[in-house]
Amino acid sequence: MKRFCLFAIPVWLAVSSGLPAEAEELKSLQHWHPVLSIPSQPGDIPELTRVVFSSFAFEDADLSTVFKFLERRYQRFDPQKQEITIRFAPGLEEKLQDTQLTLEASLVNFQQLLNIACAAAELTWSYEAATRTLTVSPQPGEYPATVAEPSPKLAKMLREIRVPAFALADTTIPQALKLLQKESKHGVGLILIIDGASAATLQNRKISLRMNDKPLLEIVNAICQAGHLKLGYINNGDVLIFSLK
């Protein structure tokens, strides 16, 4: 099982498995506020993107509970007050109780949240509009599928975003990537994949560097070199993905 730390736009996500599942209601999810407009993206499903949340956070919640929470909150914040049903492939719901999710996010819609939750556990989903039913299933094949080059959009951002000062002193790799994402003004999505056996190595591997007035791309390359990281891209080249060498 792999662990994921995701610094998305503008989302921070950490996933671990094998921890005791919490059965109680997610107390830290009590302050969801709907926002009525968000830019549409290709492939969006209107029924899933019209429900938007300004901010939320939760910690160490099992994914089964997360999906149930999304199902309940959909109706509460849907402008049309309609319901949606989330179903799971046979035997999947029980497995999701062994995967914990920590997530902070703002200005994201229901479909984006669904994608984040599925990415955390290597899942995929389908939507049946006639019955307003979402079905969550295991992701077929290898996940995530990486490409060697960034998309034109991401490449342009990496070249044009300049950081006046970037300094790390004995900083862990997750902390370094979180700072990198902050310096990008939350415009760049970063994922760090950690094999379970590499967790201790990750904590012991520290980075120290200092760079002034450099484009984001140079800082990314410097972090990879100092932290002995491999770099690739997913989501059609729009998101950077790091892994340990």
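A residue counts as buried when its relative accessible area is under 20%, as exposed when it is over 50%, and as partly exposed in between (1.4 Å probe, protein chains only). By this criterion D78, at a relative accessible area of 1%, is buried. The structure described here is a predicted model, in which local features need pLDDT of at least 70, side-chain atom pairs count only at pLDDT 80 or more, and totals for chains, interfaces and linings use all residues. Residues are numbered from 1 along each chain as its sequence is written, and side-chain values use heavy atoms, with hydrogens and water left out.

**Confidence**

- The chain has a mean pLDDT of 75, and 69% of its residues reach 70 or more; pLDDT is the predictor's confidence in each residue, from 0 to 100.
- Confidence is highest in strand 10 (residues 206–215), at a mean of 95, and lowest in strand 2 (residues 12–17), at 40. Helices (H or I, at least four residues) and strands (E, at least two) are DSSP runs, numbered from the N terminus.
- Over residues 6–42 the pLDDT is below 50, and this stretch has 112 contacts in the model beyond near neighbours in sequence. A contact means heavy atoms within 4.5 Å.

- Three strands form an open sheet in the order 4-7-6, with mixed pairing; two strands pair if DSSP finds at least two bridges between them.
- Strand 4 (85–88) and strand 6 (123–128) each have a single partner strand and stand at the edges, so one side of each is left without a neighbour in the sheet.
- On average, neighbouring strands of this sheet are turned by 25° against each other, direction ignored.
- Six bridges join strand 6 and strand 7 (residues 133–138) in the antiparallel sense. W125 has V136, in strand 7, as its bridge partner.
- Helix 2 (residues 63–77) packs on the sheet and touches strand 4, strand 6 and strand 7; the direction of helix 2 makes about 160° with that of strand 4. Axes are lines fitted to C-alpha atoms, for helices over the stretch in contact, and angles run from 0 to 180 degrees between N-to-C directions.

**Salt bridges**

- Four salt bridges are found in a search of the whole structure, each being a side-chain nitrogen of Lys or Arg within 4 Å of a carboxyl oxygen of Asp or Glu.
- One of them joins D78 and R50, with the closest N and O atoms 2.7 Å apart. D78 lies in the loop between helix 2 and strand 4, whereas R50 lies in the loop between helix 1 (46–49) and strand 3 (52–62), 28 residues apart.
- Another is formed by K68 and E93, at 3.1 Å from N to O. This pair links helix 2, which holds K68, to helix 3 (residues 92–96), which holds E93, across 25 residues. K68 is partly exposed at 37% relative accessibility, and E93 is partly exposed at 24%.
- D213 and R162 form a further salt bridge, their closest N and O atoms being 3.2 Å apart. D213 is in strand 10 and R162 in strand 8 (residues 162–172), 51 residues apart. D213 is partly exposed at 45%, as is R162 at 46%.

**Helix packing**

- Helix 6 (residues 173–183) packs with helix 8 (residues 216–227) at an angle of about 180°, their axes being 11 Å apart.
- Helix 6 and helix 8 are therefore roughly antiparallel. Angles under 35 degrees count as roughly parallel, over 145 as roughly antiparallel, 65 to 115 as roughly perpendicular, and the rest as oblique.
- I173, A176, L177 and L180 from helix 6 meet L216, I219, V220, I223 and G227 from helix 8.
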